[in-house]
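Thanks for making the time today. I would like to take you through one structure slowly, so please have the view open as I talk.

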Amino acid sequence: MPTNENPLGRPITRRGLLAAAALAGVGSSAVLTACAGGSAGGTSSAGGKDGAGGAGGAGGKGGTVTWASWANPGEAERFRQISKDYEAAHGTKVTFQVVVGDYGAKLLTQLAGSSAPDVFYVQDSGMQRLIQNKKVADFTEFTAKADAPVKIDDLYPNLMGWCKPADGSPGTYGLVVDCNPIVFWFNKDMCEAAGITQNPAQLHESGGWNRDAVDDFLTKIKATGKRGMILEGGFGPMLSWMTAFGGKVVEGNKMIFNEDAKSMETLEWLWEGMAGGKITYGGSLPKGQAIDALFYSQQLASCQVGRWILPNLKKLKFGYDIAPFPSADGKTVPPAIVYTAAMAVNANAKDPEAAMYFATRFVSKDGQKARLSGGGNAVPAIAGLDEVVMENKQPEHCAWFTEAAKKGYAIPSAIASKAEVGANLGTEMDKSIKAGDSAKVWADKICKFINNGK
């Protein structure tokens, strides 16, 4: 299979901070609560029996569920409203808990002390530990039921790999709730002022959005005295640039981009851009400066982030749009990182049937539509919801969010399966770049760090 179609070798999601951003879009929950439950009963795949702990009745009616996630105050309020609406629609007692501080550490502590909620969000870098320690339930049996609110295959398979055991054994222990593919946001007004006759979206449509076009964009923006692009040092943007131009970054559970010619060609190009002042390294920004803030203030002509910035952009008065990452042929929507998190069910949920119904309704087509409609800042991780990202056509080429989600990839298993790597990878990348390492030295160090697990 061509590397441009499957850069990770197999379908296999981001650090907690930006994974959380993928979940910020929560709108009316009317559709979620109206989702039909069917008539299945009996023992669920989460374990336990009907009747234990006030188990849910036929079709997911009744029972009790506690669930938890990270959330800012606005998100927390919306999640509480979803819980109330679900309770009213299904007769299930639902309690939402917002977890502040170190989400992953607190969840592990709760699970160890048998005080964890029945259903909870899981960060991409934390799933494998929960699977290995048998702390989360397998969705396979429950979602195979005829009346299950969602089937595992309904969700984009390219985003689900990290929810399965890294050793290849059967089972699916999380369901992605939605997603955020990173795309090439750009300031239309700054393009025009710089004399750019075709902006990135127009170039993609005409088949000319390639590396040469990016160089031209960056050169002309630099000539205006503004920044054209800031390269974030995390694994998401770095891998995305490599795979966008046809590079292969991983083989099985081993990172190989340091040995892949196309990946190294892209890294050399990025390093040359930083050396020539056309690309700014994010880790070199003065304290207090953030990439999104610079983009909002029109000091930066592009940023490679997800849909999460859209609500803030709507408040501003300059022209903006998106394009996919550039590609080797200039017209393909190439594979790039897609950030996400998943909903999981506690293996020891007090009411396993009710927990399974809540979790699967939450991530179902109706559930995602309800949470993301009305200006949500994430993208559905399930087919058939194009209208969610097409609302009011903001930005103009918003349809490319869906294409990017379908063609992108989640966190590689080589990273997701190693907790220490996930926690320290960004620091290692930053340390090497700030030390002045060449692209090849950086690539060798980072591949070794990931593959050795520390």
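Let me begin with a question: is Arg 211 buried or exposed? What we are looking at is a predicted model, and in this model Arg 211 is buried, with a relative accessible area of 18%. The side chain of Arg 211 meets that of Glu 265 in a salt bridge, at 2.8 Å from N to O. Since Arg 211 belongs to helix H9, residues 211-222, and Glu 265 to helix H11, residues 261-275, the pair ties together parts that are 54 residues apart in sequence. Glu 265, for its part, counts as partly exposed, at 46% relative accessibility.

That pair is one of 13 salt bridges found in a search of the whole structure. Another joins the side chains of Lys 434 and Asp 430, at 3.3 Å from N to O, and here both residues lie in helix H19, four residues apart, which is about one turn of the helix. Lys 434 is exposed, with a relative accessible area of 54%.

Now please move to helix H19, residues 419-434, and helix H20, residues 439-452, whose axes come within 10 Å and cross at roughly 165°. That angle makes H19 roughly antiparallel to H20, and the crossing is right-handed. Among the residues that meet there are Leu 425 and Met 429 in H19, and Trp 442, Lys 445 and Phe 449 in H20. By class, the contact has eight nonpolar, two polar and three charged residues.

Lys 445 also forms a salt bridge with Asp 437, their closest N and O atoms being 2.8 Å apart. Asp 437 counts as buried, at 15% relative accessibility, whereas Lys 445 is partly exposed, at 42%.

Note on methods. Residues numbered from 1 in each chain as written. Predicted model: local features only at pLDDT ≥ 70, side-chain atom pairs only at ≥ 80, totals over all residues. Heavy atoms only, no water. Axes fitted to C-alpha atoms, helices over the stretch in contact; angles between N-to-C directions. Helix = DSSP H or I, 4+ residues; strand = E, 2+ residues; numbered from the N terminus. Parallel < 35°, antiparallel > 145°, perpendicular 65-115°, else oblique. Left-handed = near helix turned anticlockwise from the far one by under 90°. Contact = heavy atoms within 4.5 Å. Nonpolar A, V, L, I, M, F, W, Y, C, P; charged D, E, K, R; others polar. Salt bridge = Lys/Arg side-chain N within 4 Å of Asp/Glu carboxyl O. Buried < 20%, exposed > 50% of the residue type's maximum accessible area, 1.4 Å probe, protein only.
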